[in-house]
Amino acid sequence: MITIVEIIQEARQGMTRPYLCRADDGHEYWVKRVNAGRKALIAEWLAGRLGQMLGLPVPAFTLAEVPGALLRLLPPEQRLEWGEEPLFASRVVPNAVEIRFTDLAQVPRHQQAEILLFDTWIGNSDRTLGPLGGNPNLLWCDHGRSLHMIDHNLAFESAPSEVRADHVFAEANREWDVIFFSGWAQRMAGTLDHLGSLWDELPEQWIEECAGRISLEQVRNRLQLITDLRNPAWTCS
């Protein structure tokens, strides 16, 4: 866990209104506070860790604490939004910007297919972008042409068909041939075996506040979709 030493500024966009902060490890992070909702923080943590274990480009993240002395410098109404429990902190990716529609063609087709498959698996429909805009939750670095996946707070919410309907990489499902899918199905099933240990990483306060709204068993049942290769969610139509 890192300790926040400086609260710099609030993000200009994003429903969870994260804050740019500096931590005691010398890095800057986007920190999501308790006002984002504990269920959203749980989804963010689990989906991000699953993505990392699968080798997808999810930026480093960790739990963060804010010292009471720093919180007391904030207006009283803001202190409640920060709370006194661990928070979700995603490390800032240097020189990255939100991906533009004109950048999409530079993303390798196989990577598009992998991200589409992952979002379908975890039920994350919050990755849209078209000529008129959207909410891709993808960062792009022109130098090195690298892609980074962020903001999984709505994971485990949507049905596969809903995810694929408006996904930024919806057409990449044409890459889901037998070889591609069978390999990823095995990798996802193997990752699912670690779900219990990932759940154990969650702060107790988040779990207690979400009793009855999200549980390890609910998440596991959602992800078991991958074990049924006959499910129409995975067809290459």
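Q: Which residues does Phe 169 touch, not counting residues up to four places away in sequence?
A: This is a predicted model, in which local features need pLDDT of at least 70 and side-chain atom pairs count only at pLDDT 80 or more, while totals for chains, interfaces and linings use all residues. Residues are numbered from 1 along each chain as its sequence is written, and side-chain values use heavy atoms, with hydrogens and water left out. Contact means heavy atoms within 4.5 Å. With residues up to four places away in sequence not counted, Phe 169 touches Leu 104, Val 107, Gln 112, Ile 115, Leu 116, Leu 138 and Leu 147.

Q: How many residues does the largest nonpolar core have?
A: A nonpolar core is a set of buried Ala, Val, Leu, Ile, Met, Phe, Trp, Tyr and Cys residues joined through side-chain atoms within 4.5 Å; buried means under 20% relative accessible area, exposed over 50%, partly exposed in between (1.4 Å probe, protein chains only). In the largest core, Leu 46, Phe 156, Phe 169 and Leu 223 have the most contacts inside it, and its residues number 50.

Q: Is Trp 199 buried or exposed?
A: Trp 199 is found in helix α7 (residues 195–200), where helices (H or I, at least four residues) and strands (E, at least two) are DSSP runs, numbered from the N terminus. The contacts of Trp 199 include Ile 42, Leu 46 and Val 219. Because its relative accessible area is 11%, Trp 199 is buried.

Q: At what angle do helix α1 and helix α4 pack?
A: Ala 47, Leu 50 and Gly 51 in α1 meet Phe 118, Trp 121 and Ile 122 in α4. Axes are lines fitted to C-alpha atoms, for helices over the stretch in contact, and angles run from 0 to 180 degrees between N-to-C directions. For α1 (residues 38–53) and α4 (residues 109–122) the axes are 11 Å apart, and the angle is about 140 degrees.

Q: Which strands stand at the edges of the open sheet of 3 strands?
A: Two strands pair if DSSP finds at least two bridges between them. The order is β6-β9-β10, with antiparallel pairing, and 4 bridges join β9 to β10. One side is left without a neighbour in the sheet where a strand has a single partner, so the edge strands are β6 (97–98) and β10.
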